[in-house]
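User: I have a model open and want to go through its side-chain contacts. Can you take me through them?

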Amino acid sequence: MSFATPVQTVTHLERLESEAIHILREVAGQCANPALLFSGGKDSVCLLRLAEKAFRPGRFPFPLLHIDTGHNYDEVIAFRDYRSAELGVRLIVRSLEDSIAQGKVVLRHPLQSRNPFQSVTLLDAIQEFGFDACIGGARRDEEKARAKERIFSFRDEFGQWDPKNQRAELWDLYNARTHPGENIRAFPISNWTELDVWQYIQAEDLELPSIYFAHQRKIVRRNGSLVPVTHLTPAKVGETIEELSVRFRTVGDITCTAPVASVARTVAEIILETATTELTERGATRLDDQTSEAAMEQRKKEGYF
């Protein structure tokens with residue numbers, strides 16, 4: 001009589017999780033001084049859980065880093081501080097306000113989007129702390145320029161990204177070698193989709209800022225988007241203010257992050273919406289990506305994440 005060994009089925013999420021943990025450990029093994037970018041958004045929340053699985057019960061081999069534009073949603077900043085304190089992880093915050101005060105960033109007007117200028121503060125932080133790698137939650141499904149990027153993305157001594165100068169990553173082998181001043185941007189969840197992220201949040205029962213779930217908010221309809229009415233994004237003359245049930249699919253600078261109409265108040269309801277929507281995550285919500293076809297790629301070439 002023979003006894004067959006039971007076949008263990010590995011789920012899609014387990015494969016993605018395993019790959020991401022491998023990437024995080026590769027960064028820790030190859031890089032002398034990495035940092036993990038943590039904004040309090042859903043993608044970076046997933047990265048934190050993956051880091052827990054990769055390194056706990058030991059200490060994280062990197063601090064958390066956030067570039068604060070000064071125009072972030074209060075709910076997200078509060079969650080950022082709460083989550084990092086809960087984990088007992090060092091959180092480094094560098095502010096775009098300081099870059100403005102130093103004259104490194106010059107705004108045309110006070111209410112313009114600060115999102116494109118984050119690269120200035122980020123590159124200063126990389127130089128200040130000598131980071132040779134920054135780990136982020138960017139995904140290939142988000143935007144065309146991000147789809148071009150490798151999992152280990154090389155940046156030169158000026159922090160610039162050259163899409164034509166990419167390192168091969170055959171057989172999941174990653175090369176983090178850099179000269180002084182150069183750095184690597186690593187993307188452990190590069191192969192995930194928005195739906196994968198929400199399914200992982202459900203599977204791991206992860207907490208999120210409240211604005212990811214449906215709530216009532218005052219908005220105006222502008223150029224096909226729902227623009228929240230705030231002190232930074234006031235209604236224009238002739239626009240009608242409505243109160244609508246909305247949620248945010250992605251969060252960032254208030255001046256360029258729009259919500260979507262939704263009644264999804266639970267992760268399960270959001271998963272259903274995400275699986276059936278015909279609009280991409282950033283296409284529906286990121287006003288700064290709508291300025292031109294090459295907007296994101298140009299920002300990345302200048303050092304943006």
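Predicted model: local features only at pLDDT ≥ 70, side-chain atom pairs only at ≥ 80, totals over all residues.

User: How many salt bridges does the structure hold?

Analyst: There are 19 salt bridges. The term means a side-chain nitrogen of Lys or Arg within 4 Å of a carboxyl oxygen of Asp or Glu.

User: Which residues are linked in a network of salt bridges?

Analyst: Glu-17, Arg-49, Glu-52, Lys-53, Arg-83, Glu-86 and Glu-204. One of the pairs is Glu-86 with Arg-83, whose closest N and O atoms are 2.6 Å apart. Both residues sit in helix α3 (residues 74-87), three residues apart, about one turn of the helix. Helices are DSSP runs of H or I with at least four residues, strands are runs of E with at least two, and both are numbered from the N terminus.

User: Glu-86 and Arg-83: buried or exposed?

Analyst: Arg-83 is buried, with a relative accessible area of 11%, while Glu-86 is partly exposed at 44%. Buried is under 20% relative accessible area, exposed is over 50%, and partly exposed is in between (1.4 Å probe, protein chains only).

User: And Glu-204, where does it lie?

Analyst: Glu-204 is in helix α7 (residues 194-204). Glu-204 touches Glu-17, Arg-49 and Lys-53, leaving aside residues up to four places away in sequence. Contact here means heavy atoms within 4.5 Å. Arg-49 is 155 residues from Glu-204 in sequence, but their C-alpha atoms are 8.2 Å apart.

User: What about Asp-124 and Lys-104?

Analyst: Their side chains meet in a salt bridge, 3.0 Å from N to O. Asp-124 lies in helix α5 (residues 118-129) and Lys-104 in the loop between α4 (96-101) and α5, so the pair ties together parts that are 20 residues apart in sequence. Asp-124 is partly exposed at 23% relative accessible area, and Lys-104 is also partly exposed, at 47%.

User: What about Asp-81 and Arg-80?

Analyst: That is a salt bridge too, with 2.8 Å between N and O. Arg-80 counts as buried at 6% relative accessibility, whereas Asp-81 is partly exposed at 35%.

User: Switching to rings. How many aromatic pairs are there?

Analyst: Rings of Phe, Tyr and Trp (its six-membered ring) pair if their centres lie within 6.5 Å; planes under 30 degrees apart are stacked, over 60 edge-to-face, and the rest tilted. By this rule there are nine aromatic pairs. Trp-198 and Tyr-212 form an edge-to-face pair, 6.0 Å centre to centre with 75° between the planes. Trp-198 lies in helix α7 and Tyr-212 in the loop between α7 and β7 (215-222), so this pair ties together parts that are 14 residues apart in sequence.

User: Are those two buried or exposed?

Analyst: Trp-198 and Tyr-212 are both buried.

User: Which residues do ring pairs link into a cluster?

Analyst: Phe-55, Phe-60 and Phe-62.

User: Last one. Where does Thr-69 lie, and what does it touch?

Analyst: Thr-69 is in the loop between β2 (64-68) and α3, and counts as buried at 2% relative accessibility. A polar atom of the Thr-69 side chain lies 3.0 Å from the backbone nitrogen of His-71. Leaving aside residues up to four places away in sequence, Thr-69 touches Leu-96, Arg-114, Gln-118 and Asp-253.

Note on methods
Residues numbered from 1 in each chain as written. Heavy atoms only, no water. Polar contact = N/O pair within 3.5 Å; in protein donor to acceptor, adjacent residues only side chain to side chain.
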